[in-house]
Amino acid sequence: MINVADIEKVVRQRTDADGVFIVELTVSADKVIRLVVDHKNGINIDYCTELTRLIEDNFDRNIDDYELEVSSA
């Protein structure tokens, strides 16, 4: 099962370097991952897409069938 701490570790490597902070990160019982990020200058859709790809590259959907939602606050 996907662990919030594992996702956070992967995501923080990217977000900390970019000055982005995690507003919310949850994994529900039915395997829905919700990540909400923000930055003092805002977040664009391209950055959300990059984080989506980062998570998908590190957590195989064939092993853990999950739904992923990445957005900005």
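Me: Is Arg-14 buried, partly exposed or exposed?
Reply: This is a predicted model. Arg-14 has a relative accessibility of 30%. Buried means under 20% and exposed means over 50%. The value of 30% falls in between, so Arg-14 counts as partly exposed.

Me: Which side chain meets Arg-14 in a salt bridge?
Reply: A salt bridge needs a side-chain nitrogen of Lys or Arg within 4 Å of a carboxyl oxygen of Asp or Glu. Arg-14 has such a pair at 2.6 Å, N to O. The partner side chain belongs to Asp-18.

Me: By about how many helical turns are Asp-18 and Arg-14 separated?
Reply: Both residues sit in helix H1. They are four residues apart there, so the separation is about one helical turn.

Me: What is the N to O distance in the salt bridge of Glu-8 and Arg-12?
Reply: Side chains of opposite charge can pair when their charged atoms come close. Glu-8 and Arg-12 lie four residues apart in helix H1 (residues 4-18), which means about one helical turn between them. Glu-8 is partly exposed at 27%, and Arg-12 is partly exposed at 31%. Their side chains meet at 2.7 Å.

Me: How many residues apart are Arg-34 and Glu-69?
Reply: The side chains of Arg-34 and Glu-69 meet in a salt bridge of 3.0 Å, N to O. This pair links distant parts of the chain, with Arg-34 in strand E2 and Glu-69 in strand E3 (residues 67-72). Arg-34 is partly exposed at 34%, and Glu-69 is partly exposed at 31%.

Me: Which residues do salt bridges that share partners join into one network?
Reply: The structure holds six salt bridges. One of them pairs Glu-8 with Arg-12. Salt bridges with shared partners build one network from Glu-8, Arg-12 and Asp-16.

Me: Is His-39 buried or exposed?
Reply: His-39 lies in the loop between strand E2 (32-38) and helix H2 (45-58). Its relative accessible area is 17%. The limit for buried is under 20%, so His-39 is buried.

Me: Which residue has its backbone nitrogen 2.9 Å from a polar atom of the side chain of His-39?
Reply: Leaving aside neighbours within four places in sequence, His-39 is in contact with Asp-18, Gly-19, Val-20 and Phe-21. The backbone nitrogen in question lies 2.9 Å from a polar side-chain atom of His-39. That nitrogen belongs to Asn-41.

Terms used: Residues are numbered from 1 along each chain as its sequence is written. This is a predicted model: local features need pLDDT of at least 70, side-chain atom pairs count only at pLDDT 80 or more; totals for chains, interfaces and linings use all residues. Side-chain values use heavy atoms; hydrogens and water are left out. Helices (H or I, at least four residues) and strands (E, at least two) are DSSP runs, numbered from the N terminus. Buried means under 20% relative accessible area, exposed over 50%, partly exposed in between (1.4 Å probe, protein chains only). A polar contact is a pair of N or O atoms within 3.5 Å; within protein, one must be able to donate a hydrogen and the other to accept it, and residues adjacent in sequence count only if both atoms are side-chain atoms. Contact means heavy atoms within 4.5 Å.
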